[in-house]
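Student: I would like to learn how to read a domain interface and a few local features. Please take them one at a time.

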Amino acid sequence: MHQTDRRAVVLGAGIAGLLAARVVSDAYGRVTVVERDPLPRAAESRRGVPQGRHAHLLLPGGTQILDGLFPGLLDHLAATGVPVVRDFAEFWLAPGGGRPLSVRGPAADPFLCQAGRPTLEQHVRDRVCALPNVTVADRCDATGLTADPERRRVTGVRVRRATGGEETTIDADLVVDATGRGSRAPAWLEALGYDQPRQERLAVNLTYLTRHLRIPPGTLTAKVAGVGAEPGRPSGFILLAQENDRWILTVFGYDGHHPVRDTAGMLATVRAAAPEHLYAAVRDAEPLDDIVAYRFPANIRRRYDRLRRFPDGFLVLGDAIGSTNPVYALGMSTAAMEAVALRDALTTGDRGLPLRFFRAAATPLGRAWQATVGGDLGLPAVHAPRPPAVRVAGRYAARALRAASRDQVVAGQFLRVGSLQDPAARMFRPAIAIRVLRHGRAGQ
Ligand SMILES: Cc1cc2nc3c(=O)[nH]c(=O)nc-3n(C[C@H](O)[C@H](O)[C@H](O)COP(=O)(O)OP(=O)(O)OC[C@H]3O[C@@H](n4cnc5c(N)ncnc54)[C@H](O)[C@@H]3O)c2cc1C
């Protein structure tokens, strides 16, 4: 239902904001994206997205949605040198430590997109900016909401331009907050007389270290390689081929196991986790830049889906409703699935839109939450109570991961769950459970 006379404003031009702008542009006559940063013309890191300097892997749930929202995007990225993995011969991942997932052959659809985060954002931004009804206002800080006198409906957003001057208001029929983890929407809602959403939180105290490398062509057959944390070694790494013949290496460690921020520290983290051929490739690689660090304190989820009252004309999406441990590489795919939930919610008009959207978005976000928090609770380095059901699920997950390194059927199902395409319950189907029990014994 396209409403030509109506205007939507999206706050934040990160991946979630851009995808929201794309779907909202089908339903609203005018869409304005408000972004605090000056937006670069080229693919460059920027202040508002500090995580953009670290390895970003777009998993199949996300690649397929992006290719649907922007037809031809993945082919275009691949043509410009971005590795798009479509064959498991190029894939070497051991998410639970130990042996890699047992997967072979071509994937049914484009599987992984390994554009550097600034490159991906730039290509998506270019596509969104090319939409005739979308404009981007950068250097513009969203500072609060405006509402009707009864405070039942949000009527716009207050903004302050980086160039200074007074706050101004942009009137809108719909305001979408995609300002990321630091979103001020809870305080804005409270100022309008609404409850703040309850926040769920699991502290992980994770440190990321990243640098780009040159690895001579032919050294590795895999374009993506990595080893996840395991209970006795709560650290790991991911190594991704990227555009411009560069690789990006990110190492990480949980609480008390943070990698040391120098070349030797990064190598030591890789050595502790990697098989010899991967370690040798990293050791012999040419470093291309300085090491950058990022600290990720906690998984957080804001339960907007549980609120009873919410003003019309306002939504929150992306990291602003849930920000999960980056080790699981789910944030962009979750944002893409939330954008699809928003597109679907808009097809039935804007009556009750916010709560309908939050409930629909709770499915992908709930899957991401279950995957990350479930995985993190399997690590003793993550300090939190573990009720009996969590301990049982954790033991099953460990066994499933071992089975996935030996059995293609389990590995395939694990990948679909791990990339949000299927609910976690699929891992418990009898056909999978039998294989998990058979192939997942320790020490086989
Ligand atoms: C270290 C790290 C590694 C990651 N790796 C992966 C990965 O491999 N795969 C994956 O799928 N996900 C990964 N993620 C998650 C991913 O980056 C995010 O989940 C995803 O990009 C969605 O973010 P977002 O657009 O909601 O928020 P953000 O990326 O934080 O963007 C928010 C935007 O809003 C702007 N903004 C903020 N406040 C205001 C304001 N008041 N007014 C106007 N503009 C404002 C900011 O400048 C920014 O542009 C990783 C995250 C981290 C931290």
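Tutor: Start with the area buried between domain 2 and domain 3, which is about 1,400 Å², with carbon and sulfur atoms giving 67%. Buried area is the accessible area (1.4 Å probe) that two parts lose on being put together, summed over both. In domain 2, R99, L101 and S102 lose the most area to domain 3, together 34% of what that side buries. The model is predicted: local features need pLDDT of at least 70, side-chain atom pairs count only at pLDDT 80 or more, and totals for chains, interfaces and linings use all residues. Residues are numbered from 1 along each chain as its sequence is written, and side-chain values use heavy atoms, with hydrogens and water left out.

Student: How many residues of domain 2 and of domain 3 are in contact?

Tutor: Contact means heavy atoms within 4.5 Å. On that rule, 22 residues of domain 2 touch 16 residues of domain 3. The domain bounds come from an automatic or database domain assignment, which gives domain 2 as 64-69 + 81-117 + 201-296 and domain 3 as 379-439.

Student: Where in the whole structure can I look at a salt bridge?

Tutor: The whole structure has 23 salt bridges. In one of them, the side chains of R46 and E121 meet at 2.8 Å, N to O. R46 lies in the loop between β2 (28-34) and α2 (60-69) and E121 in helix α4 (residues 117-129), so this pair ties together parts that are 75 residues apart in sequence. Helices (H or I, at least four residues) and strands (E, at least two) are DSSP runs, numbered from the N terminus.

Student: Which residues other than glycine have a positive phi?

Tutor: Most residues other than glycine have a negative phi. Among the exceptions here, A329 has a phi near 55 degrees and lies in the loop between β18 (322-323) and α8 (331-346). L420 has a positive phi of about 75 degrees and lies in the loop between α11 (408-418) and α12 (430-439).

Notes
A salt bridge is a side-chain nitrogen of Lys or Arg within 4 Å of a carboxyl oxygen of Asp or Glu.
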